[in-house]
Amino acid sequence: MKPLARYASLNRYVDLCRSVHIDAVDLMRSVGLAPASLANPDQWVPAASIAALLELSATESGREDFGLLLAELRRLSNLGPLSLVIREEPDVRSALDVLIRYEHTYNEALRIRLTEVSGLATLRIGLEVGDPATTRPSADSVDTRQTVELAVGATVQILRSFLRPAWHPVSVGFTHSAPQDTSTHRRILGNAVDFDHEFTGIVFYASDLDARNELADELLRPYARAFLDSLPAADSSDTLSRTRELIEVLLPTGRCSVEHVARSLGFDRRTLHRHLAESGDTFTAVLNSVRSSLAQRLVSNPRYSLTDVAVHLGFSTQGSFSRWFRTQFSMSPSEWKAQRQG
């Protein structure tokens with residue numbers, strides 16, 4: 001099933017297109033989206049169509065920062081009815097908890113996960129948009145660079161609504177490469193923006209999570225909570241994607257066992273195996289798939305030595321990593337690196 005997103009994802013899209021001198025109506029129609037539907041922000045549309053539209057808009061306008069410019073126009077209200085609940089949460093931590101637990105109510109393609117280590121909080125942000133709805137731009141799967149930057153920028157804007165307008169995270173990372181001009185990124189996200197990073201996400205001080213939400217009204221909170229209880233819970237079939245996300249987070253720690261992943265999901269080992277089997281997978285197969293995907297990206301990145309990659313993928317020695325890599329890709333990691341950099 002293709003993940004869906006609300007038309008609210010394109011709020012102020014027409015205004016931005018006008019400012020960069022491109023035709024919003026023609027671009028939307030070219031990817032199968034109805035311009036008139038922008039008037040109904042709660043209508044759902046394939047997330048891949050939105051991703052294709054943003055990539056096409058960036059190309060047509062010559063603005064590699066298109067998605068981030070759209071994020072700059074974001075407000076908490078773009079979350080729709082969920083924003084009413086989040087606005088009444090007592091602190092940033094509980095607001096983010098609602099945002100993450102109910103992300104499927106505003107964008108089925110979005111994946112946000114919060115971790116805390118050594119006084120720092122990290123929001124890892126990912127997208128699974130599925131296959132493109134059109135053949136333009138032609139590709140086996142649609143690029144998500146602009147959509148990812150929109151999601152990261154919009155999350156920073158949400159945090160600023162609870163903290164302060166001038167707030168900046170400690171750092172922001174993107175797995176994709178840097179644009180030619182990074183001035184928009186640094187203006188909106190702060191000076192500590194890192195590209196070709198090991199993950200996409202936002203790092204900030206964990207103490208910010210306990211900041212009091214000045215927007216909240218204690219008298220309105222019971223009504224907001226009653227509305228929250230009426231929202232549908234996340235589908236249990238999401239276990240596979242959540243398992244993949246946890247494996248990616250836990251691999252560098254050396255604690256990526258099936259027991260640890262199951263415990264993090266609130267399951268025992270047997271229950272996790274059963275859920276994965278329902279999706280036609282095993283824990284070993286999912287672990288290997290995540291490692292393969294990460295290996296291709298990290299080995300090709302000149303910033304990481306093969307020793308760094310081995311550690312990040314949870315191997316105890318570079319030799320064991322090299323043997324695994326040759327089994328997966330029929331060549332050594334050094335040969336793979338040379339081919340990609342040659």
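This is a predicted model: local features need pLDDT of at least 70, side-chain atom pairs count only at pLDDT 80 or more; totals for chains, interfaces and linings use all residues.
1. The largest cavity has a volume of about 390 Å³, a volume being the space filled by probe spheres set on the points, with grid points joined across faces, edges and corners.

2. What lines the largest cavity? Its lining has 26 residues, and Ser-9, Arg-74, Tyr-106, Asn-107 and Ala-154 lie nearest the centre; lining residues have an atom within 4 Å of a point. By class there are 17 nonpolar, six polar and three charged residues (Ala, Val, Leu, Ile, Met, Phe, Trp, Tyr, Cys and Pro count as nonpolar, Asp, Glu, Lys and Arg as charged, the others, Gly among them, as polar).

3. Strand E1 (4-6), helix H3, strand E3 (110-117) and helix H7 (145-162) each supply at least two residues of that lining. H7 gives the most, with seven residues. Helices (H or I, at least four residues) and strands (E, at least two) are DSSP runs, numbered from the N terminus.

4. Now take a look at H3. This helix covers residues 47-61, and its 15 residues reach 21 Å from the first C-alpha to the last, close to the 21 Å expected at 1.5 Å a residue (1.5 Å times one less than the number of residues). In H3, 13 of the 15 residues are buried, meaning under 20% relative accessible area with a 1.4 Å probe, protein chains only. Just after H3, Gly-62 takes a positive phi of about 70°.

5. Next come the aromatic rings: the whole structure has 12 aromatic pairs. Rings of Phe, Tyr and Trp (its six-membered ring) pair if their centres lie within 6.5 Å; planes under 30 degrees apart count as stacked, over 60 as edge-to-face and the rest as tilted. Phe-315 and Phe-321 are a tilted pair because their planes stand at 50°, with centres 5.7 Å apart. Both of these residues, Phe-315 and Phe-321, are buried.

6. Phe-315, Phe-321, Trp-324, Phe-325, Phe-329 and Trp-336 form one aromatic cluster. Arg-291 lies over the face of Phe-315, at 4.2 Å from the ring centre (CZ of Arg, or NZ of Lys, must be within 6 Å of the ring centre and within 35 degrees of the ring normal). Elsewhere, Arg-124 lies over the face of Phe-199, at 4.1 Å from the ring centre.

7. A word on reading the model: residues are numbered from 1 along each chain as its sequence is written, and side-chain values use heavy atoms, with hydrogens and water left out. Local features need pLDDT of at least 70 and side-chain atom pairs count only at pLDDT 80 or more, while totals for chains, interfaces and linings use all residues.

How values were computed:
Buried means under 20% relative accessible area, exposed over 50%, partly exposed in between (1.4 Å probe, protein chains only). On a 1 Å grid over the protein atoms alone, a cavity is a set of points where a 1.4 Å probe fits but cannot get out, and a pocket is an open set with protein on both sides within 12 Å along at least five of seven lines; lining residues have an atom within 4 Å of a point.
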